[in-house]
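Subject: Structure handover

Hello,

Here is the structure for you to look at. My notes follow below it.

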Amino acid sequence: MNYNDRIILDDGENNIQDINYGNNIIDSDLKWMTHGTKMAGGVSSAFKQDKVEIMTVATYCYGDEHDKDIALAIRYAVDNGAKVINMSFSKEFTKNFAWVKSAIQYAEQNDVLIISGAGNFGKNLNIKGNDSFPNDSFDGSKEFSDNFLLVGSANASFDKNFRRKSSNYGNTQVDLFAPGEKILTIGVKKNIEYTNAVSAASAITSGVAALIRSYYPSLTASQVKHILMDSGLEFTIEVSTPTKDDKNKTTPFNQLSKSGKYLNAYNALLMAKKISRQQ
């Protein structure tokens, strides 16, 4: 209860104006903090060498991300030229939701798309109180921006387990599903590894979004968001969505998200090409 991870950072946690904090410990051989490297590999899997540059922004050391760190990281990325922000993390608790909300809206004002994982808690986000953060709504309320995409994770097996057991779902908050199992990526020291979960789904979706924005820069963040949602594949296969009262409950896959779709890069590029030509 007395643990304070902000001491080493020299941070005034409750002051959003205090931005000169952090540490200068950078080690390419860290064995714990490999997540960012794996997600960068997931993002880059969608395009070839010279199409997209990746900016790395650290938002936490270990444990849940603090809202202050998330808000300032978004603003930093926006101010330094990001067009797509991948946030392969999620949490169930928010202390300063207004700070993050303001940062997401700041990104929207600057035409930046934000893509985040829906969470690995296996919960139905349609149920009041089952929130996942960051998000562009709260308790299923109306979205306060149109530049934020919440992504669920799907398995490689096309059966009742198509939704990853750990992935959150719900057509009031989750926008889209994407591949989230056995994703080939890079680890430390350039080792090849596999990664799973909504983090991977978010990273792959961000890679496709970056690909679209690199080829069709005239498209806005909002347009790219809806292209990803509208161009996906729709499946009606019954997937497992167990509850306390019904362990065998299933739900059609296309009812697990707002779009009801599964990310498809080819279709997204075709739609992006068509829309950009109409502008």
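Is Arg-6 buried or exposed? Arg-6 is buried, at a relative accessible area of 5%. Buried means under 20% relative accessible area, exposed means over 50%, and partly exposed lies in between (1.4 Å probe, protein chains only).

Some ground rules come before the rest. This is a predicted model, where local features need pLDDT of at least 70, side-chain atom pairs count only at pLDDT 80 or more, and totals for chains, interfaces and linings use all residues. Residues are numbered from 1 along each chain as its sequence is written, and side-chain values use heavy atoms, with hydrogens and water left out.

Now the salt bridges. Side chains of opposite charge can pair when their charged atoms come close. A salt bridge here is a side-chain nitrogen of Lys or Arg within 4 Å of a carboxyl oxygen of Asp or Glu. The structure has 14 salt bridges.

Start with Arg-6. Its side chain forms a salt bridge with that of Asp-69, at 2.8 Å from N to O. This pair links distant parts of the chain, 63 residues apart: Arg-6 is in the segment before α1 (35–44), and Asp-69 is in helix α2 (residues 67–79). Helices (H or I, at least four residues) and strands (E, at least two) are DSSP runs, numbered from the N terminus. Asp-69 is buried too, with a relative accessible area of 8%.

Next, Lys-83 and Asp-111. Their side chains meet in a salt bridge at 3.8 Å, N to O. Lys-83 lies in the loop between α2 and β1 (84–87), while Asp-111 lies in the loop between α3 (97–109) and β2 (113–117). They are 28 residues apart. Lys-83 is partly exposed at 39% relative accessibility. Asp-111 is partly exposed as well, at 26%.

Then Lys-258 and Glu-143. This salt bridge is 2.2 Å, N to O. The two residues are 115 apart in the chain. Lys-258 is partly exposed, with a relative accessible area of 31%. Glu-143 is partly exposed at 24%. Both belong to one network, joined by salt bridges that share partners.

Last, Ser-90. Find it in the loop between β1 and α3. Ser-90 is buried, at 15% relative accessible area. Contact means heavy atoms within 4.5 Å. Not counting residues up to four places away in sequence, Ser-90 touches several residues, among them Asp-64, Glu-65, Asn-120 and Phe-133.

Best wishes
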